[in-house]
Amino acid sequence: MRTILFICTGNTCRSPMAEAIAREILAREGAVAGGERVLVESAGIAALDGGAVSDETLGALSALGIRHEGRSKRLTADMVRAADVVLAMTPSHADAARRLVSGEQEHESKVMPVDPRAAMEDPIGMGQDAYDRLARVLRDSLPLRLREVLAQRRAKVNHCDQGASA
């Protein structure tokens, strides 16, 4: 089973939204995962363990027909190590995750942006429209990104497996 971990700051807006949308995509389009099982989780670099997901996040997900249940979790080095892919909302989130596993190249290299072209803007305090916009951006961009990162991880695993058997 592969694990994808989405990270943001407080784990109450962006990363739980991405987690829920990615789960929906993977459930609907099993081919995205190449037929393999994928566990999707989220955490925050400055999250308080057990905090509630924002009402606006839940509202944006509901508008897409997606349910989400969960509580915030603070990102730990063990979470980064356990994940196959860590998708960060911003470059600073990626840097923070890499610092947790500093010197562990295998784990540093699995941290990458959700969108290589742009940071995912924090909607907190910007009203429901900002959350709804972010949800649509994630809904539209995550299918391709999930295919990319899962294919990269499969290729890396296959390469390592071939090297071990040589």
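Mentor: The sheet is open and is built from four strands in the order E2-E1-E3-E4, with parallel pairing. Strands E2 and E4 stand at the edges and have a single partner strand each, so one side of each is left without a neighbour in the sheet. On average, neighbouring strands of this sheet are turned by 25 degrees against each other, direction ignored. Keep in mind throughout that this is a predicted model.

One pairing can be followed down to residues. E3 and E4 pair in the parallel sense over three bridges. Ala88 has Pro113, in E4, as its bridge partner.

The side chain of His93 makes a polar contact of 2.8 Å with the side chain of Thr90. Apart from neighbours within four places in sequence, His93 is in contact with Ile7, Cys8, Thr9, Arg14, Ile45 and Ala88. Two of these names turn up elsewhere in this account: Ala88 is the bridge partner of Pro113, and Arg14 takes part in a salt bridge with Asp122.

That salt bridge has its closest N and O atoms 3.4 Å apart. Arg14 lies in helix H1 (residues 14-28), while Asp122 lies in the loop between strand E4 (111-113) and helix H6 (128-165), so the pair ties together parts that are 108 residues apart in sequence.

Arg2 pairs with Asp84, and the closest N and O atoms are 3.7 Å apart. Arg2 belongs to strand E1 (residues 2-8) and Asp84 to the loop between helix H3 (77-82) and strand E3 (85-88), so this pair ties together parts that are 82 residues apart in sequence. Arg2 counts as buried at 15% relative accessibility, and Asp84 is buried too, with a relative accessible area of 18%. In general terms, side chains of opposite charge can pair when their charged atoms come close.

For contrast, consider a pair made by residues that follow one another in number. The side chains of Asp140 and Arg139 meet in a salt bridge of 2.9 Å, N to O. Asp140 is exposed, with a relative accessible area of 55%, and Arg139 is partly exposed, with a relative accessible area of 37%. Salt bridges that share partners also join Asp78, Arg81 and Glu104 into one network. A search of the whole structure finds ten salt bridges, among them the pairs described here.

Leu48 sits in the loop between strand E2 (38-44) and helix H2 (55-63). At 67% relative accessibility, Leu48 counts as exposed, because the cut-off for that class is over 50%. The C-alpha atom of Leu48 is separated by 9.7 Å from that of Leu75, a residue 27 places away along the chain.

Finally, the setting of the sheet within the whole chain. The chain has six helices and four strands, and from the N terminus on its elements run β-α-β-α-α-β-α-α-β-α. Of the contacts in the chain with a separation of 6 or more, 80% are between residues 24 or more positions apart. Buried residues make up 43% of the 166 residues in the chain. The chain exposes about 8,300 Å², and carbon and sulfur atoms supply 50% of that area.

Note on methods. Residues are numbered from 1 along each chain as its sequence is written. This is a predicted model: local features need pLDDT of at least 70, side-chain atom pairs count only at pLDDT 80 or more; totals for chains, interfaces and linings use all residues. Side-chain values use heavy atoms; hydrogens and water are left out. Helices (H or I, at least four residues) and strands (E, at least two) are DSSP runs, numbered from the N terminus. Buried means under 20% relative accessible area, exposed over 50%, partly exposed in between (1.4 Å probe, protein chains only). A salt bridge is a side-chain nitrogen of Lys or Arg within 4 Å of a carboxyl oxygen of Asp or Glu. Contact means heavy atoms within 4.5 Å. Accessible areas come from the Shrake-Rupley method with a 1.4 Å probe; for residues, only the protein chains shown count as cover. Two strands pair if DSSP finds at least two bridges between them. Axes are lines fitted to C-alpha atoms, for helices over the stretch in contact, and angles run from 0 to 180 degrees between N-to-C directions. A polar contact is a pair of N or O atoms within 3.5 Å; within protein, one must be able to donate a hydrogen and the other to accept it, and residues adjacent in sequence count only if both atoms are side-chain atoms.
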